[in-house]
Amino acid sequence: MPDTDTSSPKHLRDKYAIVGVGETTYTRGSGVTTRALGTWAVRNAIEDAGLKASDVDGMLSYQSGDSTFSTFIAGDLGLRLNFYMDVFGGGSSTEALIGMAMGLIEAGMCKTVAIFRAMNGFSQVRIGGTGARAAAPVMGDALHGRAYGWQSAGQMFAPTFMRHMHDYGTRPEQVAHVKHFHSCHASNNPKAFYKKRYSVDEVVSSRFICKPLHLLDCCVETDNGTALIVTSAERARNLRHHPVLIRGVVGRCSKPRTDMHYQTGPISTVAGHYAREILWPNSGVGPEDIDLTGSYDAFTFTTMLQLEDYGFCKKGEGGDYVSNGTIRLGGKRPNNTSGGHLCEGYTHGINMVIENVRQLRHDADDSCPIGPDGKRQHTYDYREGGCRQVKDAELSANLGWANPGTGSAMVMRRG
């Protein structure tokens with residue numbers, strides 16, 4: 001027998017690709033249903049891939065009681081599905097569903113899968129715990145958490161952030177750089193909801209929401225639809241764009257006792273500490289190989305904790321990592337080059353994958369001029385209103401977050 005590694009991780013590297021990305025505008029007050037938003041986004045992703053609607057035979061979605069179902073979107077687009085599933089979940093769902101799509105195609109259950117998330121996250125069900133969600137009855141695990149004042153995500157995550165500050169001396173001014181850098185990136189993103197460049201002083205001077213979170217440490221709430229198309233790498237080579245191949249995926253990895261992760265410390269450690277033991281071996285690369293990251297930024301602190309626990313810096317050095325210029329455009333490893341959840345729009349994770357796909361195509365949709373060949377002529381001038389394309393981007397990592405105890409991740413490469 002030849003000495004051949006036939007394990008699943010190595011077998012699946014570069015075998016599947018994201019071939020289409022699509023989104024709606026990022027608004028506050030869409031005036032349409034989540035069904036309309038989802039249909040709009042999936043249609044855009046199909047067109048982006050250069051496919052016909054009939055080419056898509058699988059569909060996956062996720063929601064938190066605030067969206068619409070795959071079969072409705074499929075019906076509106078004239079699709080007949082060989083497999084579909086609607087998952088209950090939030091921020092750790094994007095990468096997990098990409099992994100599921102790979103498995104479905106590998107098993108021969110379908111050939112091309114659309115993944116979408118549609119949400120009126122400002123005008124209807126607000127993730128922050130206000131609006132329609134505030135009227136929900138208290139039951140189940142909420143009977144425990146509500147007693148501690150844990151109504152919103154910020155309230156639930158704050159003890160983790162505070163503990164990191166206590167354990168390692170992390171300063172709010174350091175973490176505020178995440179908002180500063182992401183806002184600089186968003187200022188070069190024509191579709192970002194917030195395009196203003198915020199200073200560190202503006203972040204730490206904004207009013208407190210829940211200590212240590214200031215208003216500008218928190219993400220924007222928006223209405224939007226977002227979508228991805230996953231298919232085989234073999235098929236991808238015949239489609240519209242340069243292939244973006246999937247090296248490895250972690251789906252919904254958790255700490256012990258994820259229902260109450262504070263009971264299994266350290267409190268300042270998040271699920272990425274465990275997920276990295278899957279992500280890097282499966283991908284065949286390590287943190288130092290990555291050119292850009294897309295780290296879930298529901299809050300400035302979530303980005304810092306993930307980058308630290310996935311190994312981009314040593315534990316306890318996250319404050320320095322996010323404030324020393326590494327994560328800005330032009331830095332060693334830019335993060336959330338579209339502005340992410342803090343500035344572009346809140347999508348429960350898909351927009352950071354969409355951005356990294358475009359980055360690896362070398363076609364970030366910024367304001368750079370379009371050349372005679374129909375492609376953007378990127379200047380790599382990152383001044384306000386300019387370019388946001390990372391030069392020579394070859395490898396990216398996406399780090400998904402649901403809460404401190406649960407996360408997902410993915411590595412992609414330019415094919």
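Which helices do the buried residues of H7 pack against? The model is a predicted one, where local features need pLDDT of at least 70, side-chain atom pairs count only at pLDDT 80 or more, and totals for chains, interfaces and linings use all residues. Residues are numbered from 1 along each chain as its sequence is written, and side-chain values use heavy atoms, with hydrogens and water left out.

Helices here are DSSP runs of H or I with at least four residues, strands are E runs of at least two, and both are numbered from the N terminus. H7 takes in residues 172-186 and spans 21 Å from its first C-alpha to its last, close to the expected 21 Å (1.5 Å times one less than the number of residues). Of its 15 residues, 12 are buried, so the helix is largely enclosed by the rest of the structure; buried means under 20% relative accessible area, exposed over 50% and partly exposed in between, with a 1.4 Å probe and protein chains only. Among the buried ones are Lys 179, His 180, Phe 181 and His 182. As for the opening question, the buried residues of H7 pack against helices H8 (200-205), H11 (300-309), H12 (318-323) and H13 (340-343), with contact meaning heavy atoms within 4.5 Å.

The loop between H7 and H8 holds Asn 189. This Asn 189 counts as buried because its relative accessibility is 0%. Leaving out neighbours within four places in sequence, Asn 189 is in contact with Lys 195, Ser 338, Glu 344, Asp 365 and Arg 388.

Then there is the sheet. It is open and mixed, with 9 strands in the order S3-S2-S4-S7-S1-S8-S11-S10-S9, where two strands pair if DSSP finds at least two bridges between them. S3 (83-88) and S9 sit at the edges, each pairing on one side only. S8 (residues 244-254) and S11 (residues 406-414) are antiparallel, with 8 bridges between them, and Cys 253 stands opposite Gly 407 in S11. S9 and S10 (residues 395-403) run parallel and share 4 bridges. From S9 (residues 292-295), Leu 292 and Gly 294 point one way and Thr 293 and Ser 295 the other, yet all are buried. Opposite Thr 293 stands Ala 397 in S10.

Thr 293 and Ala 397 turn up again around Phe 312, which also touches Trp 280, Pro 287, Ile 290, Leu 307, Tyr 321, Arg 333 and Leu 399, residues up to four places away in sequence not being counted.
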